[in-house]
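Reader: I would like to go through some details of this structure with you. Could you put it up, please?

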Amino acid sequence: MYTAKGVSRVAVKNIIETIRDTMYEEMAKDERVILLGEDVGVHGGVYNASQGLHAAFGSERVVDTPIAESSIVGIAIGAALGGLLPIAEIQFADFVHSAIDQIISEAAKMRYRSNNDFHCPIVIRLPYGGGITGGLYHSQCVEALFFSTPGLKIVAPTTPSDVKGLLRAAIHDPDPVIFLEHKLSYRKIKGEYPEGEHMLEIGKADVKREGTDLTVVSYGMTMHYALEAAETLFAEEGIDAEVVDLCSLLPLDRETIVESVKKTGKLLVVHEDNLTGGVGGEVAATVASEAFMYLDAPIQRLASPDIPATPYSPKLEHAMLLSEDDVRAAMLELARY
Amino acid sequence: MPKEIAMPKLGESVVEGVIGRWLKAEGDRIEEDEPLVEIDTDKVNAEVPSPYSGVVYKLVASEGETVPVGGIIAMIQVDGEEETAPAADEAGKGDEPNAAPEVASPFGVGISAEVERPYSAREPHLYSPAVRRLAQESGIDPSDVQGTGAGGRVTKKDMERAIEARRTRQAPAEDFLGSAPFRGRPESIGRTAEGDEVIPITRMRRTIAERLLHSTRTVPHAWTTVEVDVTSLVKFRESIKEEFRRREGINLTYLPFVVKAAVEALREYPILNSTWEEDRIVIKKHIHIGIAVDLDDGLIVPVIRDADQRSIVGLARSISDLATRARSGALTPDDVSGGTFTINNTGAFGSVLSAPIINYPQAAILSMETITRRPVVVGDAIGIRSMMNLCMSLDHRVLDGAVCGRFLKSVKTRLEAYDSNTPLY
């Protein structure tokens, strides 16, 4: 159960309910907000993220598209240029590769190449991540593909409060936002759902747990593992870990990361995406540059191995993906260094 | 070719020694086994004999110099071997195959025919950027800080603790004086007024200071005390002490009785005979009891080995022997190492209550206080009884109050049972 900060009226919801209700609220308030994607309309989405929206807002605002991701994003870009605030749902993040050209070469560069005359306020919702025995085509982490693309924003919130606050921020952001939704979090993570106008700033990390002995920087499901591990380590070993939830990957909140490591002297970056070329490398480089004189241990990264895909066999998938045990072991080792 | 004499290893954990006094000068004649030099270590002072007969060719180390174990301290021109003029060496003529000097240990076979290379004390320390920054900001040398990280590494937290410890030690005085914010040592330190006496810190004083400071800094001490009615023991000792002295040639004190009772209780509660080793607790199989002996200029804790294997007379003899040799400076390194539990006879100077500092890395220390005749409730009456307090400090990381209470009760029960039926042998 996650609590919402600075909000008084709350209900408890899971992540999928949060996404649906946030989209509903925004569509009800502002008719420029539309949703498009595969099976998002009558069917209500494969994960029920848009259940009831078609009935409430009709086929013109909740649009079932062909199975063509490039087209989904392309239509969203066109609609945005025409004055709407489109939310494009890619059924699984694994399918976004078909739309890479639209996202990187069109949406991300719109403001720059038009010298500020045009901008592209789209949200691309990407259900990503493993742990659901989805195999090769339904488990990928795709954030690193977009991480080196200036012009995009990337958010990856995983508590109801963060999801609502950042989804609203993404919808109202004047530029394209990649909205990463961890599929395993959809029904697993529950927390307080802030009513009303709760909005968070894109580009701000959230210190989910304050501590003094080491800093764990993470996002997505591994952030939850780090939080659980931190409580266990505090109870069993007296190790007091600080857990920084990035929430936004781009822009990266370097200030919060550096401030935390200056306090603790030790950094572990954890993500489900594979190690090489991942977000963790950028976090590590930032700390090495800006907090060198505060480091008391080598910077550590914990990530999935560099293998081509998430295996389909549940046992192999389990072996490949990080668990709370893995995160706790890495935290303990670093704390004892 | 003169033979080189290396700093001997005067104990298992000893890594360096200080040249106390040369007993021979360059050019002096010396016989095999004749004392060459006095070496001070943080454990003992020892005379080191020459392994050769010959002439002292060169004293390489000077008095007061600290030399790592294995380091060259002197050279001896051995009888019957070809003399080498110092000038020849200086001229760089030593290019024959056997030019490398042979190094001999004064302890001969078994200790080190080959040179033991100095280690640890001379190894360069690697510190993290955070530790170096804190060292620079605080002026605290990380090599003075006890490391708790992997492999004994000094961590950022260790430095922060050292800084905090210094701040809490010195801040109150500064506040009281109302002076500027603390920036290192109080200003009054380093100045003397007329008539003040300045005593240089001896190596022993320094060692005592470092050991006790380390113990109080790192070991969470807790204290507990029991009262023991030793009336029957006092009567017993009074009745036999003259005869004992005649027969054994030594005084029978209360200490061997307390040691006897304590080692039997240690066998009953072995967790008290243990050490805290950060990631584990080690219960020691052998019971080696350290006995604090006060000297004119300090304190030393020689060790009764396997104290649980000895009778009361055996313990009395060991104690007498160790105390005598401690006061004449004749203890060997082995006499002062390996203790697993320490007993301190603070009663010898009239103390009735004390909070001893644990002899790190042991887990506990016991003080026997002076025996006083006091009115005590005995049954429903008041009687005059000989009472002794036993005070114990415990490492609360290893031990809790309950087990220490049971241990002390066991010691107490044993001591209270000593009487004329107690076998001395």
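Reader: How do H3 and H4 of chain A pack, at what angle and how far apart are their axes?
Author: In this predicted model, helix H3 (residues 69–81) of chain A packs with helix H4 (residues 100–107) of chain A at an angle of about 30°, and their axes are 8 Å apart. Angles under 35 degrees count as roughly parallel, so H3(A) and H4(A) are roughly parallel to each other.

Reader: Which residues make the contact?
Author: H3(A) contributes Ser70(A), Val73(A), Gly74(A) and Ile77(A), while H4(A) contributes Gln102(A), Ile103(A), Glu106(A) and Ala107(A).

Reader: And by class, what does the contact of H3(A) with H4(A) have?
Author: There are four nonpolar residues, three polar ones and one charged residue.

Reader: Turning to chain B, what is the strand order in the open sheet of four strands?
Author: The order is E5-E4-E2-E7, and the pairing is antiparallel.

Reader: Which strands stand at the edges?
Author: Those are strand E5 (45–49) and strand E7 (66–68) of chain B. Each has a single partner strand, so one side of each is left without a neighbour in the sheet. On average, and with direction ignored, neighbouring strands of this sheet are turned by 40° against each other.

Reader: How many bridges join E4 to E5(B)?
Author: Strand E4 (residues 35–40) of chain B is joined to E5(B) by five bridges, and the two run antiparallel. Pro35(B) has Pro49(B) of E5(B) opposite.

Reader: What does the side chain of Ser393(B) make a polar contact with?
Author: The partner is the side chain of Trp223(B), at 3.1 Å. The Ser393(B) side chain also reaches the backbone oxygen of Pro356(B), at 2.5 Å. Leaving aside neighbours within four places in sequence, Ser393(B) has contacts that include His221(B), Ala222(B), Ala355(B) and Ile358(B).

Reader: What about Leu233(B), which residues does it touch beyond four places away in sequence?
Author: Leu233(B) touches Tyr254(B), Phe257(B), Leu415(B) and Tyr418(B), not counting residues up to four places away in sequence. Leu233(B) lies in helix H5 (residues 231–248) of chain B and is buried, with a relative accessible area of 1%.

Reader: How far apart are Leu233(B) and Ser420(B), in sequence and in space?
Author: Leu233(B) and Ser420(B) are 187 residues apart in sequence and 7.9 Å apart in space, C-alpha to C-alpha.

Key:
Residues are numbered from 1 along each chain as its sequence is written. Chains are lettered from A and ligands numbered from 1 in the order in which they are written. This is a predicted model: local features need pLDDT of at least 70, side-chain atom pairs count only at pLDDT 80 or more; totals for chains, interfaces and linings use all residues. Side-chain values use heavy atoms; hydrogens and water are left out. Axes are lines fitted to C-alpha atoms, for helices over the stretch in contact, and angles run from 0 to 180 degrees between N-to-C directions. Angles under 35 degrees count as roughly parallel, over 145 as roughly antiparallel, 65 to 115 as roughly perpendicular and the rest as oblique. Contact means heavy atoms within 4.5 Å. Ala, Val, Leu, Ile, Met, Phe, Trp, Tyr, Cys and Pro count as nonpolar, Asp, Glu, Lys and Arg as charged, and the others, Gly among them, as polar. Two strands pair if DSSP finds at least two bridges between them. A polar contact is a pair of N or O atoms within 3.5 Å; within protein, one must be able to donate a hydrogen and the other to accept it, and residues adjacent in sequence count only if both atoms are side-chain atoms. Buried means under 20% relative accessible area, exposed over 50%, partly exposed in between (1.4 Å probe, protein chains only).
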